[in-house]
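Me: I would like to learn how to read surface features in a structure. Could we go through it slowly?

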Amino acid sequence: MNASISLKHCLELLLGYAKPHFLLVTALLSFSMLGYGQDRVALEKKKKDIEKKINYTNSLLKETKINKVASLNQLVTLKRKIEFRKRLISTINREINLLDNQIEDNHKMISSLETDLEELKTEYADMIYYGYKNRSSYSKLVFIFSSKDFSQAQKRLKYIQDYANYRQKQADIIKYTRQLIDKKNHKLEARRQEKRLLLLSKESERTSLKSEKSEKNNLYNKLKSKEEALKKELRHKQKEAGRLQKAI
């Protein structure tokens, strides 16, 4: 009986001592699980936020790449346009130089013709003066009637007429040729003026294209820098998302 009571008493004492500790452990475990659950929810929320930022950064990166490619294509196109304008300007300059040379040659020809014309005038004036001064012995009538026969007189008359006609035709040809060259020079001057205006226009276009190219080049460099920054930001967020995934 005493032994039985003693054993029962011991069991009661043991259970009485263990119960508070069991309750404490249970409470601690419950609190710990509650805290872990809250942390997990916070981590998952943070991870979702980062994933959203990653998606947004990816979309920005994609858009930046598209804009960069478009900007690069525009740069290439502008370079081609500038090169074309440069070649065109070079061609126009050569045409202007050619026109300048043609006009210069025409001026020289006109000067030569004017010299010939002046010589003809001088010769004709000398002939008239000499004929007037020696009209008693060298008049046309005396020259003709002093012929041996009628046939020689005809030849002398024809010679006088032909010589006068020849000198007049020479003068007429020189005058006509000079007029033609003058007209040609006017046309060449007009063409040269057109070419110079065209040259100014193309030079202005090339200057504008260079300015546009500079702007596009700056834009391309900015897009390139932005792309690198977005890539760096994306790598950082991806690493952060990976750390959070491990923590969860």
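Me: In which helix is the place of Lys 46?

Reply: This is a predicted model, in which local features need pLDDT of at least 70 and side-chain atom pairs count only at pLDDT 80 or more, while totals for chains, interfaces and linings use all residues. Residues are numbered from 1 along each chain as its sequence is written, and side-chain values use heavy atoms, with hydrogens and water left out. Helices are DSSP runs of H or I with at least four residues, numbered from the N terminus, and Lys 46 has its place in helix H1.

Me: Why does Lys 46 count as partly exposed?

Reply: Buried means under 20% relative accessible area, exposed means over 50%, and partly exposed lies in between, with a 1.4 Å probe and protein chains only. Lys 46 is partly exposed because its relative accessible area is 43%.

Me: Is Lys 202 buried or exposed, and what is it in contact with?

Reply: Lys 202, which lies in helix H4, is buried, because its relative accessible area is 15%. Contact means heavy atoms within 4.5 Å, and, leaving aside neighbours within four places in sequence, Lys 202 is in contact with Arg 85, Leu 88, Ile 89 and Ile 92.

How values were computed. Helices (H or I, at least four residues) and strands (E, at least two) are DSSP runs, numbered from the N terminus.
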